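Welcome, and please keep your viewer open beside this text. We will begin with the whole chain and then select one site after another.

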Amino acid sequence: MKTLALVLCLTAVCAVTSSAEPAAGESGVSAAPAVASLTAEQIAADVLGTMDRSADPCQDFYRYACGAWLDNTELPPDRPRWSRSFTAIRESNKEVQRELIEDAAADSSGDPASRLVGTYYGACMDEAAVENAGIAPLEPLFEAIDSVQDVKSLLEMTGELYRYGIDPLLGAQVFADLKDPDYNILNILQGGLGMPDMDYYVSEDEKKRELLAEYEKHVARMFTLLGDKEKIAAKKASQIVAFETELAKNSRTRTELRQLDKMYNRVDRTGLKELTPELPWDSFFEAAGHADVDDINVMTPEFFEALQDILGTTDLDVLRTYLKWTVVDRTANRLPSAFVDANFDFFGRKLSGQQEIQPRWKRCVDATSGALGEPLGKLYVDRMFAGDSRDKALEMINDIFAAFDANLASVDWLDDATRWRAHQKLVAVRSKIGYPDTWRDYSGLELTPEGYFANAAAVAVFDFDYEANKIGEPVDREEWGWPPQTVNAGYLSTQNEIMFPAGILQPPFFHRDFPAAMNYGSIGLAIGHELTHGFDDQGRKFDPTGTMHEWWETEVAERYEKQAQCVADFYSAYEVEPGVHVNGELTLGENIADIGGIKLARQAYKIWEERYSTPEPLIEGLTHEQLFWVAAGQTWCTVVSPEYLRQQVTTDPHTPAMYRVYGPLSNLQGFAEAFQCEPGTPMSPKDQCEVW
């Protein structure tokens, strides 16, 4: 089923950063391969070259840790955001993956992974073939859409489109039942929008209203590229925006979608029909090729009740036009350059502030990695993942787990019963590091060198059936949700596990030659962050087995909510531009994880110091303790476009980068002690918030 970024951190994986982050920039220590050796001089030069040591760390630690890098780093024109850590590594990884893919394309050994990866990338790069094909790949779908004559055939068409990775009207994803996590179910929820969030349709904010108007122009432009006259295209665009606005009006906000206990409404097909008797769900599932689906969670039931009314009162011509729009919108980057450029002009330039589109090879690397993550990941691990990295990461994980356990005794709002239950959950957490032990079987997937659009469709159908076949079946707890080349880390509530792919286990997060203070301040922060997600405002609702229910004492749960509200209010005071604030409720889980994560990482580093003799400080003028905090701060050095920043505070559960330095560090006394910050200074406010 179509995986929705909207629900990734709500019900599946809570990541340390948003997954869709672009990249292109400088080389150096921050982009070095994981297997390369580093000297103390190289490491020190990179840390010092990033800092502005003339800044007062108690006044502005983000400037102190990142100032020189910020002064010397221009936002690349093909990026809306560029960070010293995540984006730089992703860019470096992209170069590595390109080499791997090109080697795979030249591989004559018959290796299945090499054959698939090389074929997919080659077809993507064959721009002439894409141009020659024109819009012919869309025509069979458009002809089928033209045959839609009623709601029944509309749902049939929707089910067929879902097989091809095209998701009109609703969102759907297969993952573990929140209250019976040993089994997979189908989860359906609100969807069907072309803009990034419902707020863009209903907000009175002037800039969002302007963007909605630009979106309507973009829709019209795409229809003119399909061959419509301008007036007809403009009429269709107006109808689509009006239709999507009705969907948006009946959608929950992102903050509301975070309330997992309000996102559970388990039904069978009979219950789904009772909820929405006017929607012919049998037609949807039969057309999708899985007529027997019966294990369903309706995450937003009120949306589907409204949807049946909207579909029943909307002209069929508008519905057919909407389906065609969804097809071209979701497949635009596989079409000729006129469509690609138009798509970028709105979603890249106007919505995100990205000035130039990325070179085609980068887009094709991303597309190949997205379509064939594990076959490419297998090649990536063989070249990039240092043999002892798993052991070193596991040592840090064990230290951070020990720090969490020790810290439980000092959490004064807990009672003994809940403290013991938290301990039981902690010891039940599983760790996945680097790459899966068993790789997914792709033997049933056939690709062709000539057809990029056809290959993308073949992968979509292959993945759709793979996911849909899980419904009602036991959860495979050894399966990975991300390929190894992913530069991210995650926590999965229903499996109570943390995951660290090989892609993130490299500088500036991690290196076997880094001083321990740096490793604990950077990747240690990420480990602590993910572990704390198991105990954030939503993660705490899942017990050690991954089952969602209230397993805390009532009074303790109430005290937790009070602690969490302090964090929400603290972050809501941050203003990214006049009148535009961080949404402390939307970002609450990530902010709790940031504060708890860096606190755990520091305590774990203290455990490491007790275990080993500590060498002399690496950088003159910085103690080991200070280097730890600098490494944590430098994780978030970021330049970003104003447009992207506005989009981020609307759609992203992660707080913008600079506040991921200000917020956690200013709420921890250990930071103030390390830099001797007086109470009342910006980095040591008198009123502080802390959950764990």
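Predicted model: local features only at pLDDT ≥ 70, side-chain atom pairs only at ≥ 80, totals over all residues.

Residues are numbered from 1 along each chain as its sequence is written, and side-chain values use heavy atoms, with hydrogens and water left out.

Now colour by burial. Buried residues make up 61% of the 692 residues (buried is under 20% relative accessible area, exposed over 50%, partly exposed in between, with a 1.4 Å probe and protein chains only).

Next, select Tyr-380 in helix H19, residues 373–384. Tyr-380 is buried, with a relative accessible area of 1%. Leaving aside neighbours within four places in sequence, its contacts include Asn-93, Leu-100, Pro-484 and Gln-506 (contact means heavy atoms within 4.5 Å).

Move on to the loop between strand S9 (497–501) and helix H23 (516–533), where Pro-508 is found. The peptide bond from Pro-507 to Pro-508 is cis, with omega near 5 degrees.

Two backbone stops follow. Leu-169 lies in the loop between helix H8 (151–163) and strand S3 (170–177), and its phi is near 70 degrees, positive in a residue other than glycine. Is Leu-169 buried or exposed? Leu-169 is buried, with a relative accessible area of 1%. Gln-676, in the segment after helix H29 (669–675), also has a positive phi, about 55 degrees, but Gln-676 is exposed at 69% relative accessible area.

Finish at the second largest pocket, with a volume of about 540 Å³. Closest to its centre among the 28 lining residues are Asp-199, Lys-208, Arg-646, Val-649 and Thr-650. Helix H10 (206–225) and helix H27 (642–651) are among the elements that give two or more residues to the lining, and H10 provides the largest share, 6 residues. On a 1 Å grid over the protein atoms alone, a pocket is an open set of points where a 1.4 Å probe fits, with protein on both sides within 12 Å along at least five of seven lines, and lining residues have an atom within 4 Å of a point. The volume is the space filled by probe spheres set on the points, which are joined across faces, edges and corners.

How values were computed: Helix = DSSP H or I, 4+ residues; strand = E, 2+ residues; numbered from the N terminus.
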